[in-house]
Amino acid sequence: MVARPFKFNGRSYSEGDSFDVIRSAADHRRVRQLWDLRKIEVEGDYVPVDEEPPSDETLLGSDTMPDEVQVGEEKMPLGDIVQLAFDKSDLTAEEWNELSNEDRDAQLQAVVDELSGEPTAGEGEFLFDPEIHQIDHEGTERWIATTDELLLRVYAPVGNKLEKVGEKTLVTADEIIEWAEEE
């Protein structure tokens with residue numbers, strides 16, 4: 001049962017909606033995240049349990065994020081976000097702490113985006129943000145670009161669609177023709 005609204009796999013759930021863990025094919029960690037954030041209430045005898053006992057080792061967080069991070073309509077302690085990102089990473093505590101600040105912040109931001117319902121790009125995908133990206137026309141080609149450089153070429157219908165969007169939009173691997181060559 002949904003206790004607080006959230007988005008999952010592109011669908012919005014409202015308070016009181018049924019959320020069938022089995023039918024949604026949610027992985028154990030994602031169910032645990034929703035339960036920990038009190039977004040779902042579990043009916044029956046099922047209670048999400050940790051697969052492994054939590055590590056006693058301290059996990060490094062972020063030097064750039066505040067102690068409480070805005071997640072959708074509410075604030076969430078940075079420590080909770082660190083734990084969720086760590087659980088999702090499949091890294092050991094030592095490996096997590098050895099990540100560069102930029103890599104760790106990127107993983108933390110991905111969790112914030114996911115919990116906020118923001119689209120996130122997987123491998124081979126790209127997140128088009130109209131605030132920082134634009135569509136450049138090179139003859140009949142459409143390129144996603146910043147003001148400084150071309151980033152990737154997409155099919156013309158995709159480029160035409162992206163020119164009209166006002167929010168972040170996921171560009172899938174099937175919509176990408178090629179990535180720009182790094183210089």
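The following questions and answers concern a predicted model, and they treat its helix pair, its salt bridges and its sheet in turn.

Reader: How far apart are the end C-alpha atoms of helix 3, and what span should its 12 residues have?

Author: Helix 3 covers residues 78-89. At 1.5 Å a residue, its 12 residues should span 16 Å. The distance between the end C-alpha atoms agrees with this expectation, at 16 Å.

Reader: Which residues of helix 3 are buried?

Author: A residue counts as buried when its relative accessible area is under 20%. By that criterion, the buried residues of helix 3 are Leu78, Ile81, Val82, Leu84, Ala85, Phe86 and Ser89.

Reader: Which residue just after helix 3 takes a positive phi, and of about what value?

Author: The backbone just after helix 3 has a positive phi at Asp90. The angle for Asp90 is about 60°.

Reader: Are helix 3 and helix 5 roughly parallel or roughly perpendicular to each other?

Author: The axes of helix 3 and helix 5 come within 9 Å and cross at roughly 100°. Angles of 65 to 115 degrees count as roughly perpendicular. The two helices, helix 3 and helix 5, are therefore roughly perpendicular.

Reader: Which residues of helix 5 do the residues of helix 3 meet?

Author: From helix 3, the residues in contact are Ile81, Val82, Leu84, Ala85, Lys88 and Ser89. Among them, Ile81, Val82, Leu84, Ala85 and Ser89 are buried. Their counterparts in helix 5 are Gln107, Leu108, Val111, Val112, Glu114 and Leu115.

Reader: How many residues apart in sequence are the parts that the pair of Lys88 and Glu114 ties together?

Author: Lys88 forms a salt bridge with Glu114, with 2.3 Å between the closest N and O atoms. Lys88 belongs to helix 3 and Glu114 to helix 5 (residues 101-116), so the pair links parts of the chain separated in sequence by 26 residues.

Reader: How many salt bridges does a search of the whole structure find?

Author: The pair of Lys88 and Glu114 is a salt bridge. Arg153 forms salt bridges with Glu141 and with Glu178. Over the whole structure, the number of salt bridges found is four.

Reader: Which strands does the salt bridge of Arg153 with Glu141 tie together?

Author: The closest N and O atoms of Arg153 and Glu141 are 3.5 Å apart. The pair ties together parts 12 residues apart in sequence, because Arg153 lies in strand 8 (residues 150-154) and Glu141 in strand 7 (residues 141-145).

Reader: In what order do the four strands of the open sheet stand?

Author: The pairing in this sheet is antiparallel. Strand 6 (134-138) and strand 10 are the edge strands, each pairing on one side only. Neighbouring strands are turned by 35° against each other on average, direction ignored. The order of the sheet is 6-7-8-10.

Reader: Which residue takes a positive phi in the hairpin of strand 6 and strand 7?

Author: Strand 6 and strand 7 run antiparallel and are joined by five bridges. Within this pairing, Gln134 stands opposite Ala145, and Asp136 has Trp143 as its bridge partner. The hairpin has two residues between the strands, and the positive phi, near 65°, belongs to Gly139.

Reader: Which residue in strand 10 stands opposite Leu152?

Author: Strand 7 and strand 8 pair over four bridges, and Leu152 in strand 8 is the bridge partner of Ile144. Strand 8 is in turn joined to strand 10 by three bridges. In strand 10, the residue opposite Leu152 is Trp179.

Conventions
Residues numbered from 1 in each chain as written. Predicted model: local features only at pLDDT ≥ 70, side-chain atom pairs only at ≥ 80, totals over all residues. Heavy atoms only, no water. Expected span 1.5 Å × (residues − 1). Buried < 20%, exposed > 50% of the residue type's maximum accessible area, 1.4 Å probe, protein only. Salt bridge = Lys/Arg side-chain N within 4 Å of Asp/Glu carboxyl O. Pairing = 2+ DSSP bridges. Axes fitted to C-alpha atoms, helices over the stretch in contact; angles between N-to-C directions. Parallel < 35°, antiparallel > 145°, perpendicular 65-115°, else oblique. Contact = heavy atoms within 4.5 Å.
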